Amino acid sequence: MNFPEIPESAPFTAEQRQWLNGYLQDLVTTLQGGAALAADGGAAQKPVMVLYASQSGNAQGLAEGFAEELAGQKISARAVDIESADPAALANEEAVLVVASTWGEGDPPDTAVEFWNKFSGDDQPKLEGVSYSVLALGDTNYADFCQFGKMMDSRLGELGANRISDRVDCDVEFEDPARDWFVGVTTALKDVVSTSSNGAAVAAAPAAAVAPKVEEIPYGKKRPFPSKVLVNRRLNKPESPRDTRHYELLLDGSGLSYEVGDALAVVPENDPDMVNEIIKALPFKTDIQYESRGGEMVPFRDILLKDYDLRVVNKKIVNEWASRSHHPYLRSIVESGKDEEMTDFIWGREIVDLVVDFPAEFKSAEEFVKLLRKLGPRLYSIASSPNAHPGEVHLTVATVMYETHGRKRGGVCSTYLAQRVAVGESACVFTQPAKGFKLPEDTDRDVIMVGPGTGIAPFRAFTEERQISGAKGRNWMFFGNPHQSMDYFYEEEFEGWKKDGTLNRLDLAWSRDQAHKIYVQHLLEQHAETLWSWIDGGAHFYVCGDATYMAKDVDKALHGAVSKHGNMSEDAAKEYVAQMKKDKRYQRDVY
């Protein structure tokens, strides 16, 4: 059988048509070979399951890429969202590769909660005969680093599955360790699963193209776009001790796009004063050229400014530092072996504290930077609709400032934007899709938005989009902050939307404007009966902001409203809310 050639009228160049014609014909030939093999009695290969648990999209992107690459190596594979997977059905798999992110304080992503509740239960079948490995994504800024990946790895082992390659735990710069994990797993898989040479044939992926030049790479994560800052406006009133800012950045000419609910990644630079203090105290020659992440030879100072995270100190760094330092206090912390003492020491300290206060013997720049983790981008919920602001992207960012151990500190990216990138200058950015935080496709659906503090950002975007699209569904906003007079972000816009009917309800919680504190969860409880009537009518419920306290309290208030006014038992309310999540009617962007 010959595949019909792509006609010249198709929207492809001659070179693209030639490539597609060859690829499609090879695909048909390969599949025919597989069918013939099966007809001759050959056993069809059971596809490897690449199971992903993703919140921001990184785990999903990796899983889908791994599945494609496995197919290119004649190992049939399929990427599966954990939200749609049946835990009991894992017993029927030959091999399961898990790519799992951790959310909040060691929690599973929202899409994985129901799966985990079942998978960790007593009635889960044994998994003898199933081969597996786990790639865990996380952030060492959190105490429970990669916790959900660790939980999945442990549970698979408990159920008798065969670990074919050790779990790899990835920090925010996950690309290189993820690649190393995949290479090791692929080698191990060839020993435990059939391939197309003795099973069902799988089409080979096209040969890899020659690596493009940097200037040919589209703007994105591999090549962030230098976006001009158009607006940097303080949202708090001058008398407020807080400093939250509204930024507007230009995307024209970038080719980058986004939808409401997505995030913008900003690539920050470290505080030059802190870098100067570190450079001055290092025990080796620093007036040298050093290879940057981009491959260029640049001054070593530039490496510390742009390539390495100088804020994070963790147990691994402290242990290595102590082995090179003669400071008795630091060595006593490590030698005690007590986690509590280590945690107390790490709290509030940065690399500059170790360099200046606990001098260590480093012979070269290379020895020093090996201890550091890469400086990664920071993700912020986008505060604008692309249809309301074509060619622009807006952010709502709280400038983090505090003091510990006698030094003034600042959030790496928030102070970079607020203090070191002037209006008219550029910051490097790229857009990050958030597949699990989207407005309902049916614009007749009601929408409930809960976003205190900077959690208001995506809901400003949601409201703009609902207004400009002419959505007929009702909109209900909950916002909170300490003081109405000083901390009412976007007051004119939200009051205007309330006045013109874009917002059907606007409930505000000012926690410090009275003797007793009032938060958004209290307003949800106060309006629980109305909340339930909206939910029962099909409304979508969204939460953005603090994961540690606020999101949990809001979740509790939601369950309470469903139970009380839906006349359900506590267990029935849990099932109802779980179904809301499955139906994409309850979505969270929490951090």
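Modeller: Helices (H or I, at least four residues) and strands (E, at least two) are DSSP runs, numbered from the N terminus. This is a predicted model, in which local features need pLDDT of at least 70 and side-chain atom pairs count only at pLDDT 80 or more, while totals for chains, interfaces and linings use all residues. Residues are numbered from 1 along each chain as its sequence is written, and side-chain values use heavy atoms, with hydrogens and water left out.

Biologist: How many salt bridges does the count come to?

Modeller: A salt bridge is a side-chain nitrogen of Lys or Arg within 4 Å of a carboxyl oxygen of Asp or Glu. By this rule the count is 35 salt bridges.

Biologist: What separates Arg324 and Glu320 within helix α8?

Modeller: The two side chains form a salt bridge, with N and O 3.1 Å apart. Glu320 has 32% relative accessibility and is therefore partly exposed (buried is under 20% relative accessible area, exposed over 50%, partly exposed in between, with a 1.4 Å probe and protein chains only). Because both residues belong to α8 (residues 315-324) and lie four residues apart, their separation is about one helical turn.

Biologist: Which residues make the contact between α14 and α16?

Modeller: Helix α14 (residues 457-468) and helix α16 (residues 491-500) pack at about 35°, their axes 12 Å apart; axes are lines fitted to C-alpha atoms, for helices over the stretch in contact, and angles run from 0 to 180 degrees between N-to-C directions. With contact meaning heavy atoms within 4.5 Å, the residues are Arg460, Thr463, Glu464 and Gln467 of α14 and Glu493, Phe494, Trp497 and Asp500 of α16.

Biologist: Which residues have the most contacts inside the largest nonpolar core?

Modeller: A nonpolar core is a set of buried Ala, Val, Leu, Ile, Met, Phe, Trp, Tyr and Cys residues joined through side-chain atoms within 4.5 Å. The largest has 36 residues, and those with the most contacts inside it are Ile278, Phe300, Leu304, Trp321, Ile351 and Phe368.

Biologist: Which residues does Ile278 touch, not counting residues up to four places away in sequence?

Modeller: Ile278 is among the residues with the most contacts inside the largest core. With that sequence exclusion, Ile278 touches Leu304, Leu310, Ile351, Val352, Val355 and Phe368.

Biologist: Which residues are linked with Glu277 in a network of salt bridges?

Modeller: Side chains of opposite charge can pair when their charged atoms come close. In this network, Glu277 is linked with Glu350, Asp353, Asp357, Arg407 and Arg409.
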